[in-house]
Amino acid sequence: MDSISDGIFERSSVDNCRFIELDSLPSENGRICVAENTAVAPFEIKRIYYLYDLPGGTERGGHAHIANRSLLVALSGAFDIVVDDGHQTRRVTINRPDRPFYLDRGIWRTLDNFSSGTVCLVLTSEKYDENDYIRDYEEFKRLTSVKR
Ligand code: TYD
């Protein structure tokens, strides 16, 4: 938990979360988008996972990460993400395979409004580690209470 004292939560900002435009290579028989380590994702990709088969009304997330950063891609369908740095929140809709959303560390996130058939691909900077999660919102508020 040393990294908490490294100031990640004091410095985290919703303004660092942003859409990244991918080149979408068209052809007569479809399109290709490519995401490469560091060239597109602003980190080295260590893991991918995807969310699918999401029941209507599902809410996901409800946590922050100490180190992990992500790119979220709506491969199919659409959903909203609410990002929260403890001081500001922002709701955005993720709905284009060629427009991943970069989610910085130290940000509380909630995902909702999944359309039917949504497939959300997540590219991450870290391997899965439950110790990297802050799942208690009160703790998150305490960690972000002093912003630099
Ligand atoms: P979580 O990250 O809380 O999902 P979301 O943010 O999409 O709601 O993970 C849900 C569960 O899945 C939790 O028990 C941890 C487990 N999990 C893994 O085992 N490996 C992984 O790579 C991920 C992302 C989750």
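Student: How should I read the model?
Tutor: The model is predicted, so local features need pLDDT of at least 70 and side-chain atom pairs pLDDT 80 or more, while totals for chains, interfaces and linings use all residues. Numbering starts from 1 along each chain as its sequence is written, and side-chain values use heavy atoms, without hydrogens or water.

Student: How far is an oxygen atom of the ligand from an N or O atom in the side chain of histidine 63?
Tutor: A polar contact is a pair of N or O atoms within 3.5 Å. Arginine 60 has a polar side-chain atom 2.9 Å from a ligand oxygen, and for arginine 135 the value is 3.0 Å. For histidine 63 the distance is 2.7 Å.

Student: How much of the ligand does the protein bury?
Tutor: Accessible area is computed by the Shrake-Rupley method with a 1.4 Å probe. Taken alone, the ligand exposes 530 Å². The share of that area buried by the protein is 62%.

Student: How much space lies in the largest pocket?
Tutor: On a 1 Å grid over the protein atoms alone, a pocket is an open set of points with protein on both sides within 12 Å along at least five of seven lines; a cavity is a set where a 1.4 Å probe fits but cannot get out. The volume is the space filled by probe spheres set on the points, joined across faces, edges and corners. For the largest pocket it is about 300 Å³.

Student: Which strand gives the most to the lining of that pocket?
Tutor: Lining residues have an atom within 4 Å of a point. Of the 18 here, the closest to the pocket centre are Tyr49, Leu51, Arg60, Gly61 and His63. Strand 6 (70–76), strand 10 (108–112) and strand 11 (119–124) are among the elements that give two or more residues. With four residues, the top contributor is strand 5.

Student: How much space lies in the largest cavity?
Tutor: The structure holds one cavity of 30 Å³ or more. Its lining includes Arg47, Tyr128 and Tyr133, and divides into two nonpolar, two polar and five charged residues. The space inside is about 30 Å³.

Student: Which residue stands opposite isoleucine 48?
Tutor: Two strands pair if DSSP finds at least two bridges between them. Strand 4 sits at one edge of its sheet, pairing on one side only; the sheet order is 1-9-6-11-4, with antiparallel pairing. Five bridges join strand 4 to strand 11. In strand 11, the residue opposite isoleucine 48 is leucine 123.

Student: Why is one side of strand 8 and of strand 12 left without a neighbour in the sheet?
Tutor: Another open sheet has five strands in the order 8-7-10-5-12. Strand 8 (89–94) and strand 12 (133–134) stand at its edges, so each has a single partner strand.

Student: What is the bridge partner of histidine 63?
Tutor: Strand 5 and strand 10 run antiparallel, joined by three bridges. In strand 10, the partner of histidine 63 is arginine 109.

Key. Polar contact = N/O pair within 3.5 Å; in protein donor to acceptor, adjacent residues only side chain to side chain. Nonpolar A, V, L, I, M, F, W, Y, C, P; charged D, E, K, R; others polar.
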